[in-house]
Amino acid sequence: MKDIRKIAVFTSGGDAPGMNAAIRAVVRNGIANGLSVVGIKKGYQGMIDKDFVDLYSTSVSNIIQRGGTILKTARCEEFHDAEGRRKAYEHLVSNHIDAIVAIGGDGTFTGAHIFMQEYPDISIVGIPGTIDNDLVGTDYTIGFDTAVNTVIDAVDKLRDTAASHDRLFFVEVMGRDSGMIALHSGIAVGAEAILIPETVTYVDQLIRQLERGWLRNKSSCIIIVAEGDDTGGATQIAERVKMKFSNYDTRVSVLGHIQRGGNPSANDRLLATRLGYEAVEALAKGKEGVMVGLEHEKIKYTPFALAIKDKAKLNLNLVKIAEILAM
Ligand code: ATP
């Protein structure tokens, strides 16, 4: 087993609420294990730029409740090249870093997987930190629960104004490749329809459904649209519907980046804390090249190669429930 004395932690890819709680747990459990802990700023970019900061127990005080990431995050093109990764490796070695905890999504783990194949002397363990909830090997990713709650909060407000004006709202939520946020938030707000990339959207069918609602004196309609839906997003589908069915005053609301921000929910703080703690435990046990997740309340280690190959599947039962209850 490798002798690990100094570990680094970084956040990478899109920021997600709960990343700070994960950093805090990594730092404090690292120290509890007798390790030195270093933070790398801006993900892989910080490795290449040698942007390292020593972290102590007090460095992570008062952050568990804060959104974003104190270590900052970035998307780093240079790390895609072998030369960029070589620079990163040299800086890690010159700083005596033996192991890394990488907090991010599938892109981050792809980078970690490639890096570990080239430089196996540095162990990497991953923590799923992304609002998308699109990773296998964990029931939830850190940030998803908060993002869903943010959408719910916004849509509840839109519903009040929609009901007062007989309005039809198309609300676009994040999810370029995944309908997870749309499906979970759509069910929780009682959306009349949920349009997601995983299923084909039939516009005529949607219009018939809206007509039925109108005939039953429905005072408002909320359609949740994942940004990656095959119709092209909320603005496009709203235009197509308006041309054929104009009984409601139709409006579009694109929620955008508010879905990334905000204080993490209780679930995200707990998940992040548990996974941060367990990532250090995993390194102490000699594990590497794995993502640490939580499935059915059990810690699960998923090799990076698997975590980046498959994408978490939508629960089709939830799709069915949403369709039946929306009628
Ligand atoms: P999110 O799910 O929030 O988008 P992510 O981790 O998937 O998070 P990406 O931007 O896809 O976010 O990836 C983060 C970083 O990982 C990239 O900016 C890049 O530095 C590194 N990375 C991704 N893919 C590769 C790759 N094939 N080779 C090397 N590095 C990579």
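1. Two strands are said to pair if DSSP finds at least two bridges between them, and the helices (H or I, at least four residues) and strands (E, at least two) are themselves DSSP runs, numbered from the N terminus. By that rule, E2 and E3 pair in the antiparallel sense over four bridges, and within this pairing Ile-40 stands opposite Phe-52 in E3.

2. A word on the basis of this note: the model is predicted, so that local features need pLDDT of at least 70 and side-chain atom pairs count only at pLDDT 80 or more, while totals for chains, interfaces and linings use all residues. Residues are numbered from 1 along each chain as its sequence is written, and side-chain values use heavy atoms, with hydrogens and water left out.

3. The pairing of E2 with E3 belongs to an open sheet of seven strands, whose order is E3-E2-E1-E4-E5-E10-E11 and whose pairing is mixed. At the edges stand E3 and strand E11 (298–303), each of which pairs on one side only. From one strand to the next the twist averages 30 degrees, where axes are lines fitted to C-alpha atoms (for helices over the stretch in contact) and angles run from 0 to 180 degrees between N-to-C directions.

4. Strand E4 deserves a careful look within this sheet. Strand E1 (residues 6–11) pairs with E4 in the parallel sense over five bridges, with Thr-11 opposite Ile-103 in E4, and six bridges join E4 to E5, again running parallel, with Ala-99 opposite Ser-123 in E5. Six of the six residues of E4 are buried, where buried means under 20% relative accessible area, exposed over 50%, and partly exposed in between (1.4 Å probe, protein chains only). Both faces of E4 are covered, with Ala-99, Val-101 and Ile-103 buried on one side and Ile-100, Ala-102 and Gly-104 buried on the other.

5. Helix H3 (residues 82–94) has 13 residues and reaches 18 Å from its first C-alpha to its last, close to the 18 Å expected at 1.5 Å a residue; the expected span is 1.5 Å times one less than the number of residues. Its buried residues are Gly-84, Arg-85, Ala-88, Tyr-89, His-91 and Leu-92. Seen down the axis of H3, these residues fall within an arc of 165 degrees, so they line one face of the helix, the arc being that of the directions from the helix axis to the C-beta atoms. What covers them includes strand E2 (36–40), helix H2 (44–49), strand E3 (52–55), strand E4 (99–104) and helix H4 (106–118), contact meaning heavy atoms within 4.5 Å. Just after H3, His-96 takes a positive phi of about 60 degrees.

6. Helix H4 also has 13 residues, and it reaches 19 Å from its first C-alpha to its last, close to the expected 18 Å. In H4, the residues Thr-108, Phe-109, Gly-111, Ala-112, Phe-115 and Met-116 are buried, and they cover an arc of only 155 degrees around the axis, which puts them on the same side of H4.

7. The structure holds 10 aromatic pairs. Rings of Phe, Tyr and Trp (its six-membered ring) pair if their centres lie within 6.5 Å, and planes under 30 degrees apart count as stacked, over 60 as edge-to-face and the rest as tilted. Tyr-89 and Tyr-119 form a stacked pair, 4.1 Å centre to centre with 10 degrees between the planes, and this pair links distant parts of the chain, 30 residues apart, with Tyr-89 in helix H3 and Tyr-119 in the loop between H4 and strand E5 (123–128). Tyr-119 is buried, with a relative accessible area of 15%. Ring pairs also link Phe-10, Tyr-44, Phe-79, Tyr-89, Phe-115 and Tyr-119 into a cluster.

8. Three bridges join E7 to strand E8 (residues 221–226), which run parallel, and Ile-194 stands opposite Ile-224 in E8.
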